[in-house]
Amino acid sequence: MGSLIKAYAVLFARSWNPDYDGTVSGVSPRRWLVMAAFWPLFLLVQLINGAFLLLDHLLFPDFRRVTVRAPVFVVGVPRSGTTFLHRLLAGDRERFTTTALWELIFAPSICQRRLWRGVGRLDGLVGRPLERLLHGLERLALGGLDDVHQTGLRDPEEDYLALLPVLGCFLLVLAVPDPRLWRLTFADRDLPDAEKRRLMAAYRRFVQRHLYVHGDRLTFLSKNPSFTPLMATLAAEFPDARFIGCLRNPTEAVPSQINSIVIGARVFDGRDTAGYWREGFLGMLDYYYRHLLDELDRLPPSRRALSRMEELSARPLATVEGFYAAFGLTLSPAYRAWLAERDEKARRYQSGHHYSLENLGVAPQRLRDTFGWVYEKFAYPLPEDERP
């Protein structure tokens, strides 16, 4: 606990005027204003959630006896269809249970989930005014992110947010661009064994709590691109876990991810930090591609599958059928029918997103140099120089 408090203090001190590895100078008034609002809110939420997590041990001590059986982890390169695949698999509600955004932020504990469900039932008795208010606030807070990552409080979401209290969530790097958090992007390689054990202990308790609430007969489904550098650690912690690794043509995945992170970074800092994030994420994504394929190769065939976004987006039903066959699972008639509807929608969908490599500062030659082995291995067309 003492080391965690010290880590919080270090991050707090470094968050107000980071120099982004010497690439940015001056002071950002926006960062000071954002940090003045961020830290009180962040610490308040962590204190409340922490108190309820401790209360779980008194009121629901049996959660620690829940067995986590053969969880499924959707990992991979960011912007490679992980969200789409996660929500497709989460549609099999007879088999899987996964985390919703509201649980991760406001109710990581059993106590909080019971409390909020009770409030929901009371709200339903009087016409759901609270639900309507929360929906309006949700759209106000999250609607602006729809072009980057469409989500709502009830939607399935990445459960690495559950590791925020123990500083195991890489998302914090947007608020505090610090090497301590960057290490998470190379976790299997760079984190000390003691820190890996600490993160896995916290994560296992979270999964046990979730299964305690939703039913341990269900299979826990996790989706986290940020768990890609933790694949070896997760495979050791959950020896029967199955992994689906997602990847995509670097020409599409890399600029999409850099664009989304630059947008998020602008919220926290008024300076031009795009170069810092671009360089950091190019190195990170190179490791993600390599580590994903290396760790999948180390797993037995019954515990691994590979998803290429180009195939998933074109044929979601056939792709999911392939995963179920690889893992020895059977699609129920109802779930197959539900997937068939999504399959038809996918055939009609056309993305309106297009990212200029030059505008993002990522020259096509840089992509060819960094990810040339990916283009060759998967026969992706090389990026071409943009014409004026």
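The exercises below, each with a worked solution, concern a predicted model.

**Exercise 1. The second largest pocket**

Find how much space lies in the second largest pocket, which helices line it, and what kinds of residue form the lining.

Solution. 

Step 1. Start with the volume: the second largest pocket holds about 860 Å³ of space.

Step 2. Turn to the residues around that space. The lining of the second largest pocket consists of 23 residues, and those nearest the centre are Met 1, Leu 4, Leu 53, Pro 165 and Val 166.

Step 3. Assign the lining to helices. At least two lining residues come from each of α1 (2-14), α2 (29-59) and α10 (193-214). The largest contribution is that of α2, which gives eight residues.

Step 4. Sort the lining by residue type. It splits into 16 nonpolar residues, four polar ones and three charged ones.

**Exercise 2. The nonpolar cores**

Determine how many residues the largest nonpolar core has, and which of them have the most contacts inside it.

Solution. 

Step 1. The largest nonpolar core contains 82 residues. Within this core, Tyr 203, Phe 243 and Trp 277 have the most contacts.

Step 2. Return to Tyr 203 and list its contacts, setting aside neighbours within four places in sequence. Tyr 203 then touches Phe 73, Asp 159, Leu 163, Phe 220, Ser 222, Phe 227, Leu 234 and Phe 238.

**Exercise 3. Salt bridges**

Describe the salt bridges Glu 279 to Arg 366, Arg 336 to Glu 321 and Arg 189 to Asp 190, and say which parts the pairs between helices tie together.

Solution. 

Step 1. Recall the general idea: side chains of opposite charge can pair when their charged atoms come close. The count of salt bridges in this model comes to 18.

Step 2. Take Glu 279 and Arg 366, whose closest N and O atoms are 2.9 Å apart.

Step 3. Take Arg 336 and Glu 321, where the N to O distance is 2.2 Å. Because Arg 336 lies in helix α16 (residues 333-348) and Glu 321 in helix α15 (residues 316-326), the pair joins parts 15 residues apart in sequence. Arg 336 is partly exposed at 36% relative accessibility, and Glu 321 is partly exposed at 28%.

Step 4. Take Arg 189 and Asp 190, with closest N and O atoms 2.8 Å apart. Arg 189 has 53% relative accessibility, so Arg 189 counts as exposed, the cut-off being over 50%. Asp 190, at 32%, counts as partly exposed.

Step 5. Finish with a network: salt bridges link Arg 31, Asp 269 and Arg 271.

Key. Residues are numbered from 1 along each chain as its sequence is written. This is a predicted model: local features need pLDDT of at least 70, side-chain atom pairs count only at pLDDT 80 or more; totals for chains, interfaces and linings use all residues. Side-chain values use heavy atoms; hydrogens and water are left out. On a 1 Å grid over the protein atoms alone, a cavity is a set of points where a 1.4 Å probe fits but cannot get out, and a pocket is an open set with protein on both sides within 12 Å along at least five of seven lines; lining residues have an atom within 4 Å of a point. Grid points are joined across faces, edges and corners, and a volume is the space filled by probe spheres set on the points. Helices (H or I, at least four residues) and strands (E, at least two) are DSSP runs, numbered from the N terminus. Ala, Val, Leu, Ile, Met, Phe, Trp, Tyr, Cys and Pro count as nonpolar, Asp, Glu, Lys and Arg as charged, and the others, Gly among them, as polar. A nonpolar core is a set of buried Ala, Val, Leu, Ile, Met, Phe, Trp, Tyr and Cys residues joined through side-chain atoms within 4.5 Å. Buried means under 20% relative accessible area, exposed over 50%, partly exposed in between (1.4 Å probe, protein chains only). Contact means heavy atoms within 4.5 Å. A salt bridge is a side-chain nitrogen of Lys or Arg within 4 Å of a carboxyl oxygen of Asp or Glu.
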